[in-house]
Amino acid sequence: MAKQKYICIHGHFYQPPRENAWLEVIELQESAAPFHDWNERINFECYATNAVARILDSNQKIVRILNNYSRISFNIGPTLMSWMENEDADTYKLIQEADKKSQKRFRGHGSAVAQAHSHLILPLANQNDKVTQVVWGIRDFEYRFGRKPEGMWLAETAANTESLEVLAAHGIKYTILAPRQAKAFRRINSHDWINVVNENIDTRRPYLCRLPSGNTIALFFYNGNVSQAVAFEGLLNSGKAFVNRIMGAFDHNSDEPQLVHLATDGESYGHHHRLGEMALADCLHRIENETDAKITNYGEYLELFPPQYEAQIHENSSWSCVHGVERWRSNCGCNAGGGYGRWHQEWRGPLRYALNWLRDQLIPVFEEQARQYVKDPWAVRNDYISVLLDRSEENIDAFIEQHAKRELSETERVHLLRLLEMQRNAILMYTSCGWFFDEISGIETGQILQYACRAVHYAKQVADLDLEDEFIFRLSQAPSNLSQYENGGGVYEKNVKPAHVDLTRVGMHYAASSLFEEYPDRLEFFNYIATSEFFDRIESGIQMLAFGRTIVRSKITHSEKHFSFAVLYLGQLNIIGNISLDMEASVFDEMYQKAKAAFQSMDLATVINAFQQYFGPDKFTIGQLFKEEKQRIINIIMARRLESVDSSLRKIYTDNYALMSGLLATGIAIPEVFMNAVQYVLNSDLKKFFLGDSLKINELNSILDKVQKWGVSVTDENAFKLAASERIYSEIKTAAHVGIPLSRVQGLNEILSILNAMKIRPNVWKSQTLYFNLLKEYESGERSYLSSEWEKEFLRLGNLLDVKTK
């Protein structure tokens, strides 16, 4: 009898929310350089590469491209999928396609698994939040994959009976847990339970969990040893070793069906472990071609082999805290090693107590006020996911029409949306990452406190209920490890409140940036729409003066404000602006005429006095702008300055080139000021070459000859590699769409040869994938080579990209 061996590798792909809680966009994260932010960086290293993972032959040449998602079980957090939908549509579509392909491969069962929406620790959530998290997770999944989910991943696999009841009540068939979460098991219809000791449950079979309601759910307890080896023992250094370790987990003497399955952080495959996605692809390929095991997913395995055993779980247990779920409410000892192991986490309990207090203050406000407009506030909150997935005016209108008791006025509509946003933020403030790490001032905890802050401000708007002082007092009971904060109250005051954005601050941003941008009459930026009624900008040398009357509307709550502004740019970073929310049009016109006349006469004192006379003493400066936009404006200002700096450094370089050459020839040290100019000019020229349109190899060779001559290093090698890889990809993409001449292909080959000679290896996986697919089209006859010489150079390009060609 053939052995019935099955393998399933599950990847939990997730990123915590990183968006500014008010702008709903991720601002620049310098630590992720040369990428804009960590989502972008990890996507490049992991999420995208797993959709096009390369398999190599014995000569280290690419012979196959595999979409790993089509052969593994996976869940991708809704916040990450939402980001990917907007920022990397190609990978997003490949993941959707992978689920469709897996349905064909696995008897109609897709490999994508839903996730409880906002990564809350469900056992610590109240009942309403449990239900909303499951409903939102299901609805988000249906929106992205076009089918109902069979399974659901729980944040940190944290589970209790109540959470499983909610899953089962909403049609979820299975979830995945850690072996230490199993309490006892027995064969179905057997009488005696067998207690699990030291994780001695057989993870190679599914278990039925009978719930008090009469519902059931299947539980898969993953193989802890092999899963740990993926994360911490270097198992991804070799696809062959990965296969061997998995195969070693079977009972080779058993004739019963067996499922060896792992649960792993998806980021292991490419981010935590460089090229881990290739090890995974190689492993999957070897399983299919070199073993007697079959790759499956949980849905297919449940159909083939329904549970013959049942299990009980330890209440309030998880995969990432040996103490259950204490990591998210106490100083249990689980930490990430911050502060060289000296930091405590005494702040975790008081933080949760403070948030629970805030949540409980908001519940009656929501229930009482929402009930004025809708029949069932909690059902409306559950359905609010439809708005989160589509914030178009038409969809919001349909949502309100569906749930409202009567036709609502515009003011009432805004009020209802604010109530729902208050609740959304009251959920997001429980995102598990806020407790996972070691210090309350960490960015993850700061993120959830931003959501709390926003919920506090919505409470003030909808009910004139001021909760902030009491909330800060409660946060002050959460001690920080850092003296500059003292406690959670200090973190809130110093890190969270300054990030607060309202429509007035949006108006300040719009006013200041209008000095440097040609804005249309209607502009959408972040979560706002600005409609200009009047705008004028006057320039005098480097100084500028701008006036405007504009309406800013929130795309989230549809609230809007009308504001008037005047802003003066004096050069450098000196911006002085004023804004008013109640200035009459006639008063604005009077101010405009007076300040404009004074500016045209270069009477800046009168301009500033006019600002103060009509707007009052409160002013704003560049420091009050949003981080991302502030940086962009500073870059615009600096670009003008850098042109003269560039010119000066190039003049030093060219004027002293012969002198420096003479010094070099005689072995005399070249002055540092000269070498700084050399370093700048040659690095700048290298960057311009890869960012420009030309692929003139003589230009690149000339630059590199000088780099070698002067012994100059690449100052930002990571940024340089990224620029080079993107340019190579762009050229191949052009070849795929419209074709490129022979000289262009030859130029690409020379560039790659030169980079190899320099021992600079840009990450060209995107180019390799595109080339591999192009090559298959040429080999199949779908495309025709332009000439024999073009074919020769194209195949040479493949060799340089480490793709196997004929």
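A: The side chains of H558 and R553 are joined by a polar contact of 3.4 Å; a polar contact is a pair of N or O atoms within 3.5 Å, where within protein one must be able to donate a hydrogen and the other to accept it, and residues adjacent in sequence count only if both atoms are side-chain atoms. This is a predicted model, in which local features need pLDDT of at least 70 and side-chain atom pairs count only at pLDDT 80 or more, while totals for chains, interfaces and linings use all residues. Residues are numbered from 1 along each chain as its sequence is written, and side-chain values use heavy atoms, with hydrogens and water left out.

H558 lies in the loop between strand 17 (543–554) and strand 18 (560–569); strands (E, at least two residues) and helices (H or I, at least four) are DSSP runs, numbered from the N terminus. With a relative accessible area of 4%, H558 is buried (under 20% relative accessible area, with exposed over 50% and partly exposed in between, for a 1.4 Å probe and protein chains only). Residues up to four places away in sequence not being counted, H558 touches E393, I396, E410, V414, L417 and R553, contact meaning heavy atoms within 4.5 Å.

Y373 is found between helix 10 (348–370) and helix 11 (377–383), and Y373 is buried, with a relative accessible area of 6%. Apart from neighbours within four places in sequence, Y373 is in contact with residues including H403, R406, E412 and L419.
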